[in-house]
Structure formats: C-alpha cells, structure tokens
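Thanks for coming, everyone. I have one structure to walk through today. Please take a look at it first.

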Amino acid sequence: MQGFSSAPVREGPLAEVPPAGLRKIWTWGVLIALGGFLFGFDTGVISGALLFIRPDFGLNSFQQGSVVSVLVLGAMVGALTSGRIADRFGRKRALEVEGLVFLVGTVIAVFAPGYGTLLAGRLILGLAVGAASATVPIYLSEISPKDIRGRLLTLNQLMITTGILAAYLVNLAFSGAGDWRAMIAVGAIPAFVIVVAAVLVLPESGVWLLEQGRRGQCRELIASVTNTATADRLIERYERRASEEAERHEPRERGARALLGARVRPALVVGLGLAALQQFAGINTIIYYAPTIIEQTGLTASNAIFYSIAIGVINLLMTIVAIRAIDRAGRRRLMLVSLAVMTVTMVLLGLAFVADWSSELALVFMVLYIAGYAGGLGPVFWTMIGEIFPARVHAAGSGASTAVNWASNFAVSLAFLPIAHLIGQGETFWIFAAISLLGLLFVARYVPETKHRDYAEIDADLQRRFGRRPPEHAAGGG
C-alpha cells in the first residue's frame, strides 16, 4: 500500500533545538522510519517472490492472491490494535514489539514448507506492517520540533517508497537463482536494526512521558538535545498550552459517534470516498503484481523483475515531486491531474493487453500510471484526511478512513488475479480506468481545496459542495 499516514500530528514539547540536537533527532527519525521501510519492503517483495513461489508450491490464482492479500488483512488488525499498545506502553516499546513481530513473521515465511505456513508468516508480517503504519508517524511527530516536523514525517513517506524499490532490487538480485526465500529473508536485517535501536538508542516520546506524569524523564530527553534551562521552559510552556486548550473546549460528543452527525458527514463521505478510491483505482495491482503482469506480456521472470524496478524508481521520484508541490499547487489540482493521468494510462494499458502490443509499450503505460498516482492521489489522500475533520473527531475520522483504505486494499489484492483470469487482464484494467474516471468526477464535485485554509474555511466549502448552508460560525478546529 502507498503509505501516507493518517495519524493526527501533535505538537510536542520539543522546540528551539540547536544544530547538534537536530542532528541527533534526525538520527532518531531515520531509525524510527525503518518501520516505514519495512512497510514498503514487505508489501513489495512478494511481487517478485511470487513468480517462484507459484511453481514451487503449485499455487492457483486464488492462493496467489491470498498470499498477497493476507498481509493486508493482518495490517487491518495491526493498525486497529497498535494505538492501544502505544498509548499504554509507549511509542518506543511499541516499535520494539513491532520489530520483533517483523522478525517472527519473516522467519516463518522464509522457512515455510508449504502454502499454509507461508500464509501464516505473511499474516504475522501484516500485523507488524499495520502497527508500524500507525506507530511510526505518531512517534516521529512527537519527537520532532515543529520547524522540521513536516520533513521528518516526509521521511517516513519516503522510506515506504524506498522500501518498495529496495524490494524490487532484492528480487532482481535473487531472481537468477529463483531464491524467493532469500528475497523475503532480507527483511530480517532492518527488523533486527529496529529492535536494537529501540532497546539501545531511541528515546521515548516526550508527549507520552508527560501524559504519563514522567516529567523528569521528559526533562532529560529535551535537555539531551538542548539544555536543562530550555527543557524546563519548554515543558512549562507545553503544560500551560495543554491546560488552556482543555479549558477552551466544552464537553461534547467526540469520537466515532460524532462522525455520524450531520455537520461532520460531508467530511466523512470525502474521507471514506478517497480512501476507497485510492485502492480501487488499481495501484496495488501494479505494486504487488508488476513482475507477474510484465511476465504475461512475454518477458522472462528475471526480465520482468528488472523492468519492474523502473516502477519503483518512478514511484519514489514522483513521491518526492508531490511532497514539494503539495503546498504550492494545492491538493485538489494534484488529485485532478493525477486521476486524469491514471484514467488514460489504465485505458492504454488495457489496450496493450487486448491488442497484444509490445511488452515495452505496456511497461511505459504502467510507469506513467505510477507517475500519475504517486504525484497526486497517493500522497494527497493522506494529507487531506488530516485536514478535513474537526479536531474532536480527527482521530476517529482518520481511523475510519484508514480502515476503509486497508479493507479496500485487501479486497482489490485478493480479487485481481481471479477477475483477470475470468474476464481478461486488459478488461480488468479498464475497470480500474472507469473507477479512476468516477474518482475524477467525485473529486471535482465534492472535495474542497485545503491549502492555506483553516478548518472553518474548509468546513464551509465542504458544506456548500454537499448542498448545505454553511453555519454562520464554523468551529475553527472543532
């Protein structure tokens, strides 16, 4: 899955950090973001490994799809349970546990004697992937000063796409020998590093420490990147700000129940709609099955893996482009252009299979599709759902959207191969093209621009787009 976190960004107590302290924070950030790297690696590595697992275990199309999609099923469970673990035991301990789960799942998958054991290993890996997708962005946001928080969160996003590309390169390295077990085994290296880093290097989140009443430990953390006097001042300012915020907010309905209220419903429709669209437009059929798709155009397995690397490179580069453009071009414009490109390229990719065009031309259309997706819909979705919900339902709205995203991912990855076998691969891509076109119309009609807007302006635009009269006094942040 293209992983742009929906986790609400919280401003922690760290601020005014000198260059030496920033270097330490960046080191922590890279180590934490290895969870994002494994997210990308374990979702991408199966694409090449499946070419050799299939004949080794004699898998039919449903079994192939289940080996891919069971990871997503586990991820749904992992994402839903990780918040409770992180809140109870801390972000550092949660990441340590996730690293251990990555290791256990990898070992089971590598030594699997057959289909059932491999499925179990992939399910366990999914638990770790889902948990990491929720834990890493929150952990990063809470250890970073606000001046570099955006870039640190971007580090997680870049590591996910880097993990996908690394998976393709690993697949290529072992494709000559057809060693799918070695492909999967490489994931144990970053998993081991995460565990060691969590035990020996990483600090606990300052926000979590303060919420647990561990003021002294938080003071030591901040002093380690600034100084003691600054630590005391920043903690006092953070606690004062938290107290003032609590006094300003009157008790009212919050969480999941509030999502069904008439005022919040337009945001919920947009959030859930974009969540489903991001997956049903076909992205993970390309990410998961790129070598399989290319192989069916007539290339060998090794060549298919080699050419799929181009997809990983474009995915990474266009993600960087989108991150740089999102605050300049705006969210709506990027999504509209993205969906237009995705629609056209999926039509052409379908034609390439139906009309039996060359393998190289099919690869070009796949690369252009990835460029369109990674330059717009992929990253912008995760930004949008962090902006369209009021504060009182921010976590609930983001969580609901994320759950729909994972569920849609699961459905598409499980159904793709059987549907392609039933009606044809080209015709299946035309279904994705139709969904992308419907998504284009949905965004044009219902999705507001959020760039440089506060919540009151976003909410007013949402209400107008759904034919409702905006309230006279929109709550600026709920």
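Start with helices α16 and α17. α16 covers 331-354 and α17 covers 359-374, and each supplies at least two residues of a nonpolar patch. Keep in mind that this is a predicted model.

Is L368 buried, partly exposed or exposed? Its relative accessibility is 42%. Buried means under 20%, and exposed means over 50%. So L368 counts as partly exposed.

Next, helix α13. It runs over residues 265-280, which is 16 residues. How far apart should its ends be? At 1.5 Å a residue, the helix should span 22 Å. The end C-alpha atoms are 22 Å apart, so the two values agree.

Which residues of α13 are buried? Here is the list: P266, A267, L268, V270, G271, L274, A275, L277, Q278 and Q279. After α13 comes G282. The phi of G282 is positive, near 105°.

Last stop, the second largest pocket. Rolling a probe the size of a water molecule over the atoms shows where empty space is left. The second largest pocket holds about 280 Å³ of space. Its lining has 16 residues. Nearest the centre of this pocket lie K92, P203, E204, L209 and Q217. Which helices each give at least two residues to the lining? They are α4 (91-110), α9 (206-211) and α10 (215-223).

Key. Residues numbered from 1 in each chain as written. Predicted model: local features only at pLDDT ≥ 70, side-chain atom pairs only at ≥ 80, totals over all residues. Heavy atoms only, no water. Helix = DSSP H or I, 4+ residues; strand = E, 2+ residues; numbered from the N terminus. Buried < 20%, exposed > 50% of the residue type's maximum accessible area, 1.4 Å probe, protein only. Expected span 1.5 Å × (residues − 1). 1 Å grid on protein atoms, 1.4 Å probe; cavity = no way out; pocket = protein on both sides within 12 Å on 5 of 7 lines; lining within 4 Å. Points joined across faces, edges and corners; volume = space filled by probe spheres on them.
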